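Here is a short tour of one protein chain. Look at the sequence and the model first, then read on.

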Amino acid sequence: MTTIADSRTLGLAHYAARGVLEHVLALHGTTFQQQVALRAAVGADAPRTRDELEGQVRDSLKADPAAVRATIDELLDRRLLVMDGAHLGPTDAGRQLLSSVGTRTAPISARIWGGIPAEDLAAAGRVLALVTERANAELAALHA
């Protein structure tokens, strides 16, 4: 039987992979939303204002603005992010946390993704990018 990609299979794959990540994050006392916000700050090309970082996290997670603000506050309280003037930036502890999580998840990710042919990964990437684009457009229309 061939499995057809649809919202259900996408959701099942997402939550299975997220479950693995959340298990590792819990070992570090960190939530999924905190990790997304911290990764956005670490991966930024230039320092972000709080509003810019909150916007990026909201756009990524489709999360409630108040929840995102609370997440940023938690990261500041834990000294994983720091205010530098008008900009937020990761601390050495924040970078180290992401590094530790990456070290723990790397072998698991290798087992999950290993052996999948490159052409299948490329096709899946194209489909998921298109689904994301279309879903974002539908969400924008719902909020218009």
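## Overall layout

The chain's secondary structure comprises 6 helices and 3 strands. Here helices (H or I, at least four residues) and strands (E, at least two) are DSSP runs, numbered from the N terminus. Read from that end, the order is α-α-β-α-α-β-β-α-α. The C-alpha trace spans about 55 × 45 × 25 Å along its principal axes.

This is a predicted model, in which local features need pLDDT of at least 70, side-chain atom pairs count only at pLDDT 80 or more, and totals for chains, interfaces and linings use all residues. Residues are numbered from 1 along each chain as its sequence is written, and side-chain values use heavy atoms, with hydrogens and water left out.

## The largest pocket

The largest pocket holds about 1700 Å³ of space. Its lining has 37 residues, and L10, G11, A13, H14 and L128 are the closest to its centre. Two or more lining residues come from each of α1 (7-27), α2 (32-43), α3 (50-61), α5 (92-113) and α6 (118-143). The largest share, 12 residues, belongs to α6. By class, the lining has 22 nonpolar, 10 polar and 5 charged residues.

Some terms need spelling out. A pocket is an open set of points on a 1 Å grid over the protein atoms alone, where a 1.4 Å probe fits, with protein on both sides within 12 Å along at least five of seven lines; lining residues have an atom within 4 Å of a point. Points are joined across faces, edges and corners, and the volume is the space filled by probe spheres set on them. Ala, Val, Leu, Ile, Met, Phe, Trp, Tyr, Cys and Pro count as nonpolar; Asp, Glu, Lys and Arg are charged; the others, Gly among them, are polar.

## Where α2 meets α4

Helix α4 covers residues 65-77, and α2 packs against α4 at about 75°, with the axes 9 Å apart. Therefore α2 is roughly perpendicular to α4 (65 to 115 degrees). Axes are lines fitted to C-alpha atoms, for helices over the stretch in contact, and angles run from 0 to 180 degrees between N-to-C directions.

From α2, the contact (heavy atoms within 4.5 Å) uses Q33, Q34, A37 and L38; from α4, A67, V68, T71, I72, E74 and L75.

The whole structure has 4 salt bridges, each a side-chain nitrogen of Lys or Arg within 4 Å of a carboxyl oxygen of Asp or Glu. R18 pairs with E22 in a salt bridge, with the closest N and O atoms 2.8 Å apart. R18 and E22 are about one helical turn apart because they lie 4 residues apart in helix α1.

Notes:
Parallel < 35°, antiparallel > 145°, perpendicular 65-115°, else oblique.
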